[in-house]
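Subject: the structure you asked about

Hi,

Here is the structure for you to look through. Open it up beside this email and follow along.

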Amino acid sequence: MHGNTAYNFSTVPNILCEPGAASNRLGEVISTQLPTARRVLIVTDPGLLKAGLVDAPQRSLQQAGLAVEVFSEVSADPPEAVVEAAVARARAHGADLVIGLGGGSSMDVAKLAAALASNGQALKEAYGIGKVEGKRLLLAQIPTTAGTGSEVTNIAIVTTGATTKMGVVAPQLYADLAILDATLTLGLPPAVTAATGIDAMVHAIEAYTSKHKKNPISDMLARQALALLSTQLLTACEGGQDLHARQAMLLGACLAGQAFSNAPVAAVHALAYPVGGIFHVPHGLSNSLVLPHVLRFNMPAACALYAELAEIVAPDVKGSDEARAEGLIAALQHIAARTRIATRLREVGIGEPDLDRLADDAMLQTRLLGNNPREVTREHARAIYAAAL
């Protein structure tokens, strides 16, 4: 598309891939990698706290002489009040390091806590691109799903109303350190593993066809991400305790995150957000529900690129670009079907009367729609939702 234009690529400077790094020796890792840290705020959710996943990392940090406070009030699609509470807790604790431990929601809140606790800026002033002021606190990210890739992205999504979402995109949101420790993901149920894994695949696919910022580095990362995710997802769903598959999934999600942080996602995400916002369908599942229908819509503009990705996901399919691109869509639908997650909007309670509202909401996602290889009108959006019923 724009293979020869100038591009910029940014990412997290340190990524540690090691089963047990977070669960067994986090204090040692932080003391080595971020030696100036003294007071830590762990940002997580009530489920992980209850499951006991915070205990070992917290103990390890304390044994290394760090003063640890835990903020565990993160909810899925976090509202502004949760972000503001995390910022207040970071300030009250005098934190110099924030650690996000959880899924995308916890890591997004951690980013904003680290950025806003130090600069005193109001959350509402940070929405948009490049609006965050000044320096942030130290920031480390530890994903427990594979996943959003949020550990290596420069974006945080906040729920601002009953159904609306706003993004903060800024270089300060890149963490100092991401730790990929698959022991933390062994207990993920198959449905969550499937939805978060397909979300990561969507990140890779949309980065590869991103209209303005597609670039060779993101392309390489997206391809490798798809290779890992498409081959390991079913294994991770069927044998949840398979550490090799779980670590491969975490790496795949991370590589996809690096890709889409620089070559942004597009219409799949734009159409997924209203499904999540209005009907409270988890983000990964929302993406999975609209994915094949958006890809089919994009075919006139992105067929050759989808054919390239088919070599990775559906290597047996031969023939024209069209045939191979269709093979990619079929392979992705096959993966979703094998994992037994919902594949139609009606399965999550969405019907014909909801299509207009969904289409109206999707059109508000102008930042994302601008990255799509094919222009999406409101009529297009409604037709895509209708195909997904």
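This is a predicted model: local features need pLDDT of at least 70, side-chain atom pairs count only at pLDDT 80 or more; totals for chains, interfaces and linings use all residues.

Residues are numbered from 1 along each chain as its sequence is written, and side-chain values use heavy atoms, with hydrogens and water left out.

**The two regions**

UniProt, in an unreviewed entry, lists residues 15-181 as "domain: Alcohol dehydrogenase iron-type/glycerol dehydrogenase GldA". (UniProt positions follow the numbering used here, feature names are shortened, and annotations may be inferred rather than shown by experiment.) That span is 31% helix and 25% strand, and its end C-alpha atoms lie 11 Å apart. Helices (H or I, at least four residues) and strands (E, at least two) are DSSP runs, numbered from the N terminus.

The unreviewed entry also places "domain: Fe-containing alcohol dehydrogenase-like C-terminal" at residues 193-388. Here the chain is 73% helix and 0% strand, with 22 Å between the end C-alpha atoms.

Angles run from 0 to 180 degrees between N-to-C directions, and axes are lines fitted to C-alpha atoms, for helices over the stretch in contact.

Look at strand 4 (residues 97-102) and strand 6 (residues 138-143): they run parallel and are joined by six bridges. Gly 100, for example, has Gln 141 in strand 6 as its bridge partner.

Another open sheet has three strands in the order 5-8-7, and its pairing is mixed. Strand 5 (128-129) and strand 7 (155-159) are at the edges with a single partner strand each, so one side of each has no neighbour in the sheet. Strand 7 and strand 8 (residues 165-169) run antiparallel, joined by five bridges, and Ala 156 has Val 168 in strand 8 as its bridge partner. Helix 5 packs on this sheet too, touching strand 7 and strand 8, with its direction at about 105° to that of strand 7. Contact means heavy atoms within 4.5 Å.

**The helix pairs**

Two packed helices are described by the angle between their axes and the distance between the axes.

Helix 7 (residues 216-238) and helix 8 (residues 243-262) cross at roughly 150°, and their axes come within 8 Å. They are therefore roughly antiparallel (over 145 degrees; under 35 is roughly parallel, 65 to 115 roughly perpendicular and the rest oblique). Their contact has 15 nonpolar, eight polar and one charged residue. (Ala, Val, Leu, Ile, Met, Phe, Trp, Tyr, Cys and Pro count as nonpolar, Asp, Glu, Lys and Arg as charged, and the others, Gly among them, as polar.)

Helix 9 (residues 267-279) and helix 12 (residues 355-362) pack at about 125°, with axes 8 Å apart, which makes helix 9 oblique to helix 12. Eight nonpolar, no polar and two charged residues make up this contact.

Cheers

Definitions and conventions: Two strands pair if DSSP finds at least two bridges between them.
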